[in-house]
Amino acid sequence: MASRSPQSLIIRTYQVGFGDCFLLSFKYASGDRHVLIDFGSTGLPKNGSVGLMRKVAKAIENDCGKKLHAVVATHRHKDHISGFATSKKKNGTGDLIASLKPDIVIQPWTENPKLKRDATGPGKTKAPAGGKRLYVSSLSELQEFTEFALDNLNAFSGMIESSLLNELTFVGDDNLKNRSAIDNLITMGKNGKGRYVYFGSKSGLEKILPGVKVSVLGPPTLQQSKEIKSQRAKDPNEFWQLRQLQEFGPGSGHRRRLFKSARIAKNPIYARWFREQAARVHAESLLSMVRILDDAMNNTSVILLFEVAGKAFLFPGDAQIENWSYALKKKAICNRLKKVKVYKVGHHGSLNATPKASLWPLIAGARKTANPQLVTLLSTLAGKHGNKSRGTEVPRQLLLKELEEKSQLTATNTFKAGELRRPVTISLRSRKRK
Amino acid sequence: MPGPALRTPRHKPCPRTRKMTVIAQDPSVEGLNGGVLTVSLDVPLERLAPGPRGSRVHVIDYDVSNNVLYRPTSKGLDKDHYVNMTDRDRLISDRNFHSLNVYAIVMTTLARFENALGRRAPFSFPGGGLYPGAAPGRGHVIKVAPHAFVEANAFYSRRDEGLFFGYFTSGKKTIFTCLSYDVIAHETTHSLLDGLRSRYMDRSSPDQAAFHEGFADVIAILSVFQNSKVIDASFPKGRKGKIAPGLLSSEKLRRSFLVGVADEMGQELKKVRGNPLRNSALLKPSPRYLEEDEFKEEHRRGEIFVAAMLNAFLEVWRHRLWDIGLEERISIDRDRVVKEGAEAASHLLTMAIRAIDYAPPVDLQFGDFLTALLTADHELYPDDSRYKYRAALEKAFVSFGIKSIVKSGMWNPPKTSLRCNHFDSLKREPDEAFAFLWENQKRLELHPDAYTYVPSVRPCSRVDTDGFILHETIVEYVQILDLKAGELSRLRKVRKPNKMPNTEHVRLYGGGVLVFDEFGSLKYHVNSKVDSEKQTKRLKYLWNRGDFNQPQALRRFATLHRMRMLGGAADTKEKW
């Protein structure tokens with residue numbers, strides 16, 4: 001059915017600063033089909049940031065001819081979904097996207113609003129033995145933890161380095177609930193349009209993209225992979241430690257002193273240095289825990305593999321190795337990944353979202369440095385996330401070097417001022433046998 | 001406030017300790033009357049200021065989460081107000097008691113180290129604190145925050161010169177980590193081990209990464225076991241004060257005693273660091289663990305070390321009971337069983353601490369520590385035939401695949417006899433020790449181009465149970481060699497890891513310990529050479545893990561303990 005297959009694909013990478021936004025436009029003889037993958041940002045570039053998200057929304061509207069066939073929100077981080085937020089006056093970027101009337105909205109199974117709070121997978125409604133608290137509710141509560149962690153930051157200002165404070169604010173901000181965007185995604189997915197996917201499930205794009213095989217490689221359900229659990233407590237029931245903070249910690253709305261009748265010292269000389277050290281220790285603890293939440297949320301990312309005309313296009317959101325592991329254990333999938341022609345670099349080029357030993361060699365391994373055919377797309381903004389001295393900077397320089405050497409890299413942090421998008425066109429015409 | 005020592009009349013013997021009541025395990029463990037199991041500790045006597053604040057420990061009760069600094073505790077510094085107090089609610093709600101409890105246990109653990117080592121045990125952090133850089137030398141006082149923050153974590157931080165104990169809620173209860181004996185002893189051990197061997201916090205090998213945590217667990221667990229009240233409480237009550245031999249088989253002791261104590265202790269605090277005692281007690285001996293991927297992770301690997309020590313403990317305990325009834329399978333006095341168990345724990349605890357002086361200062365392997373353990377004990381107790389401590393340890397370690405790295409089991413004396421001609425000076429002066437290294441560079445097989453320094457010179461006097469005193473001087477030295485990877489081939493025995501670029505900067509650490517007898521003759525030279533083949537393994541391990549040249553985590557134990565609770569960190573091979 002060659003005639004039903006797309007003839008070419010245009011992938012547009014939009015400038016959203018630290019965030020993701022891609023539009024895949026499949027060119028069919030019968031007309032174009034557009035799939036929007038993510039639309040969010042947590043940090044805009046210095047130049048041209050005024051109204052940038054609105055400009056991007058308008059550009060999407062223009063590029064898709066006022067009709068989106070599918071929206072994919074890989075996971076609920078702000079840098080992937082903030083653009084879907086609506087406003088009361090109905091003129092938010094999310095309102096504009098909703099007006100493009102997507103036929104389906106794809107999200108990870110963990111976002112299904114009908115899912116029981118104790119579900120371990122998309123079809124499960126019962127709690128596992130022991131009545132344990134489960135993944136979905138834990139993720140939700142963790143976001144509440146982040147809210148009070150950020151709320152509490154003021155207590156530390158002046159006592160800790162601004163770089164630590166900024167990092168905590170940045171990572172924390174990304175993990176806030178983004179209520180408006182989530183509600184809009186739920187609304188757009190109503191009337192049977194919502195697809196909540198997991199490894200091996202149908203993507204819902206089968207009818208929308210004829211001739212294109214779309215596979216969901218992640219996230220696995222908890223039954224499928226215990227490795228997502230390893231991101232959390234060994235006891236699968238809880239991120240309890242964080243919940244305790246939420247229930248008992250400062251900023252939780254019921255700040256209370258442990259020993260009410262105990263007498264308080266003001267600020268004696270002997271304790272000053274140690275108080276500052278302790279504040280720093282605690283800020284680092286909070287940062288560490290918010291990072292754990294960040295990783296857990298990244299690992300709910302939808303991983304989509306589009307295959308057509310012997311070429312594969314990989315969009316993994318921010319998935320890290322714990323999400324990837326289940327798919328990468330399957331040989332057949334590894335072989336298909338060797339055909340990837342376009343790779344959307346995971347998590348804005350962070351150190352752990354392009355699994356170095358198990359994924360990257362499949363994608364780039366066989367290719368020589370000269371005349372690379374692999375195209376990589378990186379949406380990022382330097383200086384926002386991580387710390388170079390700790391080897392956690394985003395984008396990670398080692399990865400960036402590898403991408404530059406082994407692929408044709410499109411990176412939004414190299415866009416010129418005012419450059420809103422950069423398209424990559426790929427021919428999908430099958431070669432005729434001689 | 002003047003301490004009691006200053007007011008003691010001259011004609012009375014001067015007391016050297018003060019009694020302080022502490023919680024024997026944690027508040028969930030019941031004593032005979034249904035209250036909290038408490039114990040009276042003999043804490044080294046010193047002038048105490050409110051805090052409590054002494055010459056080595058300063059309790060600063062600052063709660064970061066609520067930004068509250070409590071007034072320092074002044075009650076109970078002169079007199080133990082908590083004798084016979086076992087009311088759980090009162091102890092838990094008494095902030096003064098918390099401060100005194102944590103002070104007493106930190107001080108007792110410190111004293112235990114000093115007693116075993118026969119000298120002062122230093123901290124590793126530099127002096128300064130409030131005046132960073134202004135005070136040369138090492139810091140003398142560790143700060144302790146008993147209610148540091150709302151977090152199910154407790155840790156030692158070198159950078160912050162402190163021990164931090166968190167608190168959290170479990171149901172309606174508030175759990176205080178500063179009330180758990182083993183948590184306090186564990187964190188204090190981290191600080192003391194860091195003072196004795198600061199390079200053990202370096203990234204080096206799976207064994208070294210696991211050792212800090214495993215050693216702290218061992219010291220904490222044996223510290224709890226050396227208290228006879230804890231052992232007594234773990235046996236079934238009644239039976240006319242006798243314990244049937246059936247309850248004293250290895251398996252019964254493991255199941256009913258070790259696991260029983262572990263379950264009691266772990267009820268509330270397993271959320272802080274899992275339950276290492278339980279995990280280790282149930283780990284069946286196998287020489288294969290060390291090679292398995294699961295046990296490459298440092299917490300799991302540490303459990304192997306703990307398991308070997310616990311198995312040795314059970315073995316020795318049974319040895320001690322053998323002659324008094326176990327052999328004839330008759331019931332044994334309960335008090336005797338308890339006493340022998342506590343003494344076995346106490347002796348093993350002393351052995352473990354003493355072994356540190358005989359262990360290389362860098363790149364420690366479990367086999368090194370076993371060798372150090374056997375050698376250090378042999379020096380003080382040449383005859384091991386009665387309770388067979390060394391035999392039990394060797395057997396237990398071998399059953400987990402850990403062998404002494406010397407055939408004889410103990411370090412060999414130097415090939416040529418070496419003597420220090422300025423021994424009096426060497427006992428005090430690192431410069432003199434350095435001169436000794438310089439003069440004997442070839443004989444000690446030191447690398448001539450490596451940067452060499454002497455972090456410590458420590459004369460010590462160890463006393464055995466018969467009162468025999470062993471005088472030794474321990475000199476620690478470290479060598480550092482900076483090279484490009486392409487230059488490694490010059491070292492003959494060191495190989496560059498696959499795919500490491502020739503331009504990669506490589507830093508090699510070596511070092512050793514010189515043990516001198518009381519006359520200035522070198523008894524042992526325990527070393528890990530800066531150019532030995534061990535370096536190949538170390539480089540390969542770090543390179544393959546992706547940890548190579550990664551900066552040292554500043555608050556390593558905070559992260560380590562959090563990951564122990566939350567599960568292992570992601571595979572570093574997958575990171576960029």
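Modeller: Start with Glu307(A), which forms a salt bridge with Arg336(A). The closest N and O atoms are 2.7 Å apart. Keep in mind that this is a predicted model.

Biologist: Which elements do Glu307(A) and Arg336(A) lie in?

Modeller: Glu307(A) sits in strand β8 of chain A, and Arg336(A) in helix α10 (residues 331-337) of chain A. The pair therefore ties together parts that are 29 residues apart in sequence.

Biologist: Is Glu307(A) buried or exposed?

Modeller: Buried. Its relative accessibility is 14%, and the cut-off for buried is under 20%.

Biologist: How many salt bridges are there over all chains?

Modeller: The count comes to 44.

Biologist: Back to chain A. What is the strand order in the open sheet of six strands?

Modeller: The order is β7-β8-β9-β10-β11-β12 (chain A), with mixed pairing. The edge strands are β7 (213-218) and β12 (408-411) of chain A, and each pairs on one side only. The twist averages 15° from one strand to the next.

Biologist: In which sense do β9 and β10 of chain A pair?

Modeller: Parallel. Strand β9 (residues 311-315) and strand β10 (residues 340-344) of chain A pair over three bridges. Phe313(A) has Val342(A) in β10(A) as its bridge partner.

Biologist: Which strands does helix α9 of chain A lie across?

Modeller: Helix α9 (residues 321-328) of chain A lies across β7, β8 (303-308) and β9 of chain A. The helix runs at about 125° to β7(A).

Biologist: Switching to chain B. What is the strand order in the open sheet of four strands?

Modeller: That sheet runs β3-β6-β8-β7 (chain B), again a case of mixed pairing. Its edge strands are β3 (57-59) and β7 of chain B, each pairing on one side only. Neighbouring strands are turned by 15° against each other on average, direction ignored.

Biologist: Which helix of chain A lies across β3, β6, β7 and β8 of chain B?

Modeller: Helix α8 (residues 269-298) of chain A. Its angle to β8(B) is about 55°. Helix α4 (residues 181-196) of chain B also packs on the sheet, touching β6, β7 and β8 of chain B. The direction of α4(B) makes about 15° with that of β7(B).

Biologist: Which way do the residues of β7(B) point?

Modeller: Ala154(B) and Tyr156(B) point one way from strand β7 (residues 154-157) of chain B. Phe155(B) and Ser157(B) point the other way, and all are buried.

Biologist: And how many bridges link β7(B) and β8(B)?

Modeller: Four, in the antiparallel sense, with β8 of chain B spanning residues 162-165. Ala154(B) stands opposite Phe165(B), and Ser157(B) stands opposite Gly162(B).

Biologist: What about the hairpin of β7(B) and β8(B)?

Modeller: There are four residues between the strands. Glu161(B) takes a positive phi near 55° there.

Biologist: Salt bridges in chain B next. What does Arg199(B) meet?

Modeller: The side chain of Arg199(B) meets that of Asp202(B) in a salt bridge, 2.5 Å from N to O. Both residues are buried.

Biologist: And where do Lys242(B) and Asp333(B) lie?

Modeller: Their side chains meet in a salt bridge too, at 3.1 Å, N to O. Lys242(B) lies in strand β11 (residues 242-243) of chain B and Asp333(B) in strand β12 (residues 332-333) of chain B, so the pair ties together parts that are 91 residues apart in sequence. Lys242(B) is partly exposed, with a relative accessible area of 36%. Asp333(B) is partly exposed as well, at 41%.

Biologist: Which residues do salt bridges that share partners join into one network?

Modeller: Arg119(B), Asp357(B), Glu379(B), Arg462(B), Glu472(B) and Lys523(B).

Biologist: Where does helix α9 of chain B bend?

Modeller: At Arg320(B), by about 35°. The helix covers residues 298-326. It is mostly covered, with 21 of its 29 residues buried.

Biologist: Last one. Where is Thr21(B) found?

Modeller: In strand β1 (residues 17-23) of chain B. Thr21(B) counts as buried, at 8% relative accessibility. Its side chain joins that of Asp80(B) in a polar contact of 2.6 Å. Leaving aside neighbours within four places in sequence, Thr21(B) is in contact with residues including Thr38(B), Tyr82(B) and Phe97(B).

Key: Residues are numbered from 1 along each chain as its sequence is written. Chains are lettered from A and ligands numbered from 1 in the order in which they are written. This is a predicted model: local features need pLDDT of at least 70, side-chain atom pairs count only at pLDDT 80 or more; totals for chains, interfaces and linings use all residues. Side-chain values use heavy atoms; hydrogens and water are left out. Two strands pair if DSSP finds at least two bridges between them. Helices (H or I, at least four residues) and strands (E, at least two) are DSSP runs, numbered from the N terminus. Axes are lines fitted to C-alpha atoms, for helices over the stretch in contact, and angles run from 0 to 180 degrees between N-to-C directions. Contact means heavy atoms within 4.5 Å. A salt bridge is a side-chain nitrogen of Lys or Arg within 4 Å of a carboxyl oxygen of Asp or Glu. Buried means under 20% relative accessible area, exposed over 50%, partly exposed in between (1.4 Å probe, protein chains only). The bend at a residue is the angle between axes fitted to the seven residues ending there and the seven starting there. A polar contact is a pair of N or O atoms within 3.5 Å; within protein, one must be able to donate a hydrogen and the other to accept it, and residues adjacent in sequence count only if both atoms are side-chain atoms.
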